[in-house]
Every structure is written in C-alpha cells, then in structure tokens.
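These are my notebook entries on one model, written as I looked things up.

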Amino acid sequence: LWVAVVAAGGVVGLELGFGLLGGTLEHSVWEHAGTPARWVLFGVGLMITVLILPTYLAHGIPRRAFTIAAGIAAILLAAVVALYLAAGFLVERAIFAAAGWRYEFASAHLVTSPGQVQLVVSEYALAGAGYLVSGWLIGTGYYRFGVLRGTLAVPLGLLPAVLVDNVLGTGRRLGIGPPTLGIFTPDLPLALA
C-alpha cells in the first residue's frame, strides 16, 4: 500500500512541478506505473506457495481448498491493482486538462483513451494476473522441486508473463520484461487479448 501511495504522490508531484515551473508534459507519466505494479504482483505470486501454503497446511486446510482460495484472491488482487492504475489515469487526465496540456499515451495500448476505464482495467488486470501466475508457478516450482530443478523450471514459469507481454505489447512498449520476450515467443494476435 505504501508503494502505491508513494508512486501516485511522485507522479502527481512531478506533473504539478512541471506545471508550476511553466513546463509541459507531452505524454502520460502514470503509464509507466504499470511496470512496478506487475512486478509487485509477481513477488506476491512467489510468496503464495512458499510462505503462505505451509501455514494453511499446518492448520489442516487441504491443498485444493487453499489453491481455490488463493486463485480467487489473486484474481481480486490483480483487479484491485488494475482499478488503482485506472484511477491514476483519470487523476492524471484531470491534471493535464487543468494545465491545458494535451493528454495522450506515450505508446500504443489496447485502449485509445484513459477514459475507457473498463478497457484500461481489463488490460492492466490481464497483465497483472499474468505476472502473478508466473510468480506463483516459479515459487511452486522451487517449493516442490528444490533449488536445482526449480531453477531449471523458471523459463516455464515465466511463460504466462511472456505471453501476456506479447499479447499486450507491454515489453516492447516499455523496453523491459521477462528476458525471453520477443526471442522465443512470436507476436500473438490482438484478438487473443
């Protein structure tokens, strides 16, 4: 929660600072907040099996019940993060409008305007869920198979994040992403998104 508050405060402060100094911003600054949000969800996914599962097993909760509950919680968490990011776009759009700046994304998205809240939420929820599932798979691989075989399984665990990045074009847009991005996976059609 503190990371979210600091990120939002930093972006708003940067934009207001530019406005007070008489400068202009040409593109969304908040657009790049999606990257750390995805990696935080990846970290949460890593912890699901490694840190949380043993506690539930010790209290007699079956693995199946835990997995269902954790899956529901993961979907809800990805949706909440996506709503947070969509709200940030709306606040940023209001700041740009108040300053008289033209508001546009720095790169291509599945949406054309941050006002398309349902599509913004869908895009970021899909991206966040892909990274969370990747973290969950990698954490489970280490928990189940140990260090050596868990490390060998990391490329398979990264597959959901790689696929989501390819479908959304996020890795190419921001210049970062899983290391296999664009090397081992083809560009996937937008309809798959």
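Entry 1. Does Trp101 count as buried or exposed? I find that Trp101, at 10% relative accessibility, counts as buried; I take buried to mean under 20% relative accessible area, exposed over 50%, and partly exposed in between, with a 1.4 Å probe and protein chains only. I note that this is a predicted model, in which local features need pLDDT of at least 70 and side-chain atom pairs count only at pLDDT 80 or more, while totals for chains, interfaces and linings use all residues. Residues are numbered from 1 along each chain as its sequence is written, and side-chain values use heavy atoms, with hydrogens and water left out.

Entry 2. I looked up where Trp101 sits and found it in the loop between helix 3 and helix 4. Helices (H or I, at least four residues) and strands (E, at least two) are DSSP runs, numbered from the N terminus. I then checked two partners of Trp101 across the sequence. Leu25 is 76 residues away along the chain, yet the C-alpha atoms of Leu25 and Trp101 are separated by 6.9 Å. Leu25 belongs to the loop between helix 1 (2–20) and helix 2, and Leu25 is buried, with a relative accessible area of 12%. For His27, 74 residues from Trp101 along the chain, I read a C-alpha separation of 9.2 Å.

Entry 3. I recorded the overall content. The protein has seven helices and zero strands, and its pattern along the sequence reads α-α-α-α-α-α-α. Of the 193 residues in the protein, 38% are buried.

Entry 4. I turned to how the helices pack. Two packed helices are described by the angle between their axes and the distance between the axes. The axes are lines fitted to C-alpha atoms, for helices over the stretch in contact, and angles run from 0 to 180 degrees between N-to-C directions.

Helix 3 (residues 63–99) and helix 4 (residues 117–152) pack at about 140°, their axes 8 Å apart. That makes helix 3 oblique to helix 4; under 35 degrees counts as roughly parallel, over 145 as roughly antiparallel, 65 to 115 as roughly perpendicular and the rest as oblique. By class, I count 20 nonpolar, three polar and one charged residues in the contact of helix 3 with helix 4. Here Ala, Val, Leu, Ile, Met, Phe, Trp, Tyr, Cys and Pro count as nonpolar, Asp, Glu, Lys and Arg as charged, and the others, Gly among them, as polar. Helix 3 passes helix 4 in a right-handed crossing; a crossing is right-handed if the near helix is turned clockwise from the far one by less than a right angle, and left-handed if anticlockwise.

Helix 2 and helix 4 pack at about 40°, with axes 7 Å apart, which makes helix 2 oblique to helix 4. The contact of helix 2 with helix 4 divides into 17 nonpolar, eight polar and one charged residues. I read this crossing of helix 2 and helix 4 as right-handed.

For helix 2 and helix 3, I have an angle of about 160° and axes 11 Å apart, so helix 2 is roughly antiparallel to helix 3. Helix 2 passes helix 3 in a right-handed crossing.

Entry 5. Ala78 lies in helix 3 and is buried, with a relative accessible area of 2%. Ala78 and Ala129 are 51 residues apart in sequence but 5.5 Å apart in space, C-alpha to C-alpha. Tyr142, in helix 4, is partly exposed, with a relative accessible area of 32%.

Entry 6. Which residues lie nearest the centre of the second largest pocket? I find Ile48, Ile52, Phe66, Ala70 and Ala73, out of 14 lining residues. Helix 2 (34–58) and helix 3 each supply at least two residues of this lining, and the largest share, seven residues, comes from helix 3. By class, the lining has 14 nonpolar, no polar and no charged residues.

Entry 7. The buried residues of helix 6 are Ala161, Val162, Val164, Asp165, Asn166, Val167 and Leu168.

Methods
On a 1 Å grid over the protein atoms alone, a cavity is a set of points where a 1.4 Å probe fits but cannot get out, and a pocket is an open set with protein on both sides within 12 Å along at least five of seven lines; lining residues have an atom within 4 Å of a point.
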